[in-house]
Amino acid sequence: MPSAAVPDRPALTLYTESTWTSPWVFHAMIALEEKQLPYKIEVVPMPIPAPTKTSLQGKAVLGTVPILVHGDAWISESLAISEYLEEVFPAPGHAALLPGPAVERARARQIMSFLRTSLHALREARPTTSVFGRPITKPMSDKARAEAAELERAALAWVLGADGEVRKDGGALFGAWSVADADLALALMRLIANQDPLDRRLTAYALAQFDRKSVRRFVAHLPTTR
């Protein structure tokens, strides 16, 4: 459950979608939970009804979710939301969503951008509905398997320590958790949940990320009929 509202602070509202399977809603909610910010949830039916979409477009320009509302600000797109939260509610007063050093922050953004702009065949073959719902038994296409192999190769390079094992802190990409860990773990769960081949070290890393309180709070919203 979201935290209770704090007086004298502009209310935060997160617009989500009714199926609770969007990786981008996942990202935005994890960011809010990790910051431990008070917020409320507005659930938008899927597919979004035309009048609702028009209303959202009038306020956030893009009529898609997630949308974060903070006072008079309406912000759409998951990366824009987490960047906004990082700037408006920075560390050390709130948990950091991105690593401190410039190179590591750039690397975190690189990972999150890669996961949003690549792996199209893999995402189609192993959608997040199969992570949070019923697994898919149909074999992947050659293209999807090639993308899964590329994800595994890149993730191993990002996650493993110098000894070739996941770090004892759960394998956080930059020594301390960042929101890029949540995104990468969800991408790997596309394979884990469907029992596709994956290096055991990446399985351990992804499951450790999914055991975080913020992720468990998201999962708690899943419909019980799944």
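Visitor: Which residues of helix 1 are buried?
Guide: In this predicted model, helix 1 covers residues 23-35 and is mostly covered, with 12 of its 13 residues buried. A residue counts as buried when its relative accessible area is under 20%. The buried residues are Pro23, Val25, Phe26, His27, Ala28, Met29, Ile30, Ala31, Leu32, Glu33, Glu34 and Lys35.

Visitor: Which residue caps the N-terminal end of helix 1?
Guide: At this end of helix 1, a side-chain oxygen lies 3.2 Å from the backbone nitrogen of tryptophan 24. The residue that supplies this oxygen, and so caps the helix, is serine 22.

Visitor: Which residue follows helix 1, and what is its phi?
Guide: Helix 1 reaches 18 Å from its first C-alpha to its last, close to the 18 Å expected for its 13 residues at 1.5 Å a residue. After the helix comes glutamine 36, whose phi is positive, near 55°.

Visitor: Which strands does helix 1 touch where it packs on the sheet, and what angle does its direction make with that of strand 1?
Guide: The sheet is open and mixed in its pairing, with 4 strands in the order 2-1-3-4. Its edge strands, each pairing on one side only, are strand 2 (40-44) and strand 4 (73-76). Helix 1 packs on this sheet by touching strand 1, strand 2 and strand 3, and its direction makes with that of strand 1 an angle of about 155°.

Visitor: What is the bridge partner of threonine 13 in strand 3?
Guide: Strand 1 (residues 12-17) and strand 3 (residues 67-70) run antiparallel and are joined by 4 bridges. Within strand 3, the partner of threonine 13 is valine 69.

Visitor: Is arginine 217 buried, partly exposed or exposed?
Guide: Arginine 217 has its place in helix 10 (residues 213-219). Buried would require under 20% relative accessible area and exposed over 50%. Because its relative accessibility is 24%, arginine 217 counts as partly exposed.

Visitor: With which side chain does arginine 217 make a polar contact of 3.3 Å?
Guide: Although 187 residues separate arginine 217 from isoleucine 30 in sequence, their C-alpha atoms are 8.5 Å apart in space. Isoleucine 30 and Glu33 are both among the buried residues of helix 1. The side chain joined to that of arginine 217 by the 3.3 Å contact belongs to glutamate 33.

How values were computed: Residues numbered from 1 in each chain as written. Predicted model: local features only at pLDDT ≥ 70, side-chain atom pairs only at ≥ 80, totals over all residues. Heavy atoms only, no water. Helix = DSSP H or I, 4+ residues; strand = E, 2+ residues; numbered from the N terminus. Buried < 20%, exposed > 50% of the residue type's maximum accessible area, 1.4 Å probe, protein only. Polar contact = N/O pair within 3.5 Å; in protein donor to acceptor, adjacent residues only side chain to side chain. Pairing = 2+ DSSP bridges. Contact = heavy atoms within 4.5 Å. Axes fitted to C-alpha atoms, helices over the stretch in contact; angles between N-to-C directions. Expected span 1.5 Å × (residues − 1).
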